[in-house]
Amino acid sequence: MTKIPGPAIPQHLLSGGFRLFFPGSALVAALSIAIWVPWFLGFMHVPTLLPPVAWHQHELLFGFVPAVIAGFLLTAVPNWTGRPGLKGLPLLALFLLWIAGRLAIGFSEWTGLLGATLVTLAFLPVLAIFVLKELVAASNRRNYKIVAVLVVLSAAQILFHREIERYGRIEMSDRMALSAILILVSLVTGRIIPAFTGNWLKANNPGRLPQNFAPFDLAVMILAGLSLAMWVAVAAGSEDLRAPTGLLMILAGIAHLTRQARWCPERTLREPLVTILHVGYLFIPLGFLLTGLSMLLQVSGFASAGIHAWTTGGIGVVTLAVMTRATRGHTGQALTSPRTTTWLIYAPIILAAALRILVALLPQHTMLLLPIAAFAWIVAFLGYVVFYMPLILRKG
């Protein structure tokens, strides 16, 4: 491993992607909401050239989520390929590139939007190139689809900045990015939830076991992918697709619920470290059902509720579930949830997701519910930093 001169950065912090990107993403997740909610409610100003909602979308879809993806992939790819992975100075450089993107966008009133755009666009392609290089070197074709998702997410970010430049608002890039992230989350959870659930059940609750990936799972992914592609097309102006998209979304939601039922979620309630994965996944079909209803009934509240079921719920909850479990596993901790994790990380993020959906359905209570949802989100992600950073800082 490349040695870093001086005592500022302990060497073991540069030994795996999760050690930098997981706490970094958690801090950005908490800070971005702590900034955005008072800004959105009119209590402060941020020196960025992006409008408040666009900045919020950008920093969650292209800031927070890519960092989580990086932490996961830079930890998982060495296991998939048997190769050493990114460590030392190259890992630090990638992390600093991500940080530079956050600062450039956040202070774009001072730096200019063009320069900020060029900085923030660099991270995803660099990450995708590294992952692809490792997969090709190991002939690991099975995971090429992960790189394809990164390419789509990168293209969505380019489109995001093009839409801001041309229209001053977002038309379809947010849907494109969210669709790519949902496909990635569905792919990853489709592997880890049955595996982790099965391992725990065999040791602690013998009986019915989860069903592994099968043709049914592939059919669910295809149906979900088609409905999401049509959802993006509707945003591009294909209004005649609205009703068919709504129907496909509802079918995809039912299919995802059926898929989850095959993983024995009800048998995991004694171990929150496993249960939280199922809770997070549950928000994905809920998002499909709410979005489908919004397309059919043209109710704007359902549309926002569906998006936040996917983002605050599906992405937020699954992210913390994966980060806590991976951190415990890679630092030699028992694969069980301490009370601090259960009540100060898992409970707040579930509360944040539920309240954020209610904000969309009950907009007259926004001034009350939105700050509470934001506070719960901040508590959950800062909880990860407080309780898991000490584990990350340890050697070994």
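Helices (H or I, at least four residues) and strands (E, at least two) are DSSP runs, numbered from the N terminus. The model is predicted: local features need pLDDT of at least 70, side-chain atom pairs count only at pLDDT 80 or more, and totals for chains, interfaces and linings use all residues. Residues are numbered from 1 along each chain as its sequence is written, and side-chain values use heavy atoms, with hydrogens and water left out.

**Close-up 1. A nonpolar surface patch of about 400 Å².** L247, L293, L296, L297 and V299 make the patch. Patch residues have over 30% relative accessible area and no salt bridge; like charges are joined within 9 Å, nonpolar side chains (Val, Leu, Ile, Met, Phe, Trp, Tyr) within 5 Å. Areas come from the Shrake-Rupley method with a 1.4 Å probe, and for residues only the protein chains shown count as cover. Helix α11 (residues 272-297) gives the largest share, three residues. V299 lies in the loop between α11 and α12 (300-330). V299 is partly exposed, at 34% relative accessible area (buried means under 20%, exposed over 50%, partly exposed in between; 1.4 Å probe, protein chains only).

**Close-up 2. The aromatic pair of F21 and F123.** The structure holds 17 aromatic pairs. Rings of Phe, Tyr and Trp (its six-membered ring) pair if their centres lie within 6.5 Å; planes under 30 degrees apart count as stacked, over 60 as edge-to-face and the rest as tilted. F21 and F123 are tilted, 5.9 Å centre to centre with 50° between the planes. F21 is in helix α1 (residues 17-40) and F123 in helix α6 (residues 123-137), so the pair ties together parts 102 residues apart in sequence. Both residues are buried. Ring pairs link F21, F95, W98 and F123 into a cluster.

**Close-up 3. The aromatic pair of W231 and W310.** The pair is edge-to-face: 5.3 Å between centres, 70° between planes. W231 lies in helix α9 (residues 215-235) and W310 in helix α12, so parts 79 residues apart in sequence are tied together. W231 is buried at 3% relative accessible area, and W310 is buried at 0%.

**Close-up 4. The salt bridge of R102 and E59.** A salt bridge is a side-chain nitrogen of Lys or Arg within 4 Å of a carboxyl oxygen of Asp or Glu. The count comes to nine by this rule. In this one, the closest N and O atoms are 2.6 Å apart. R102 lies in helix α3 (residues 88-106) and E59 in helix α2 (residues 52-81), so the pair ties together parts 43 residues apart in sequence. R102 and E59 are buried.
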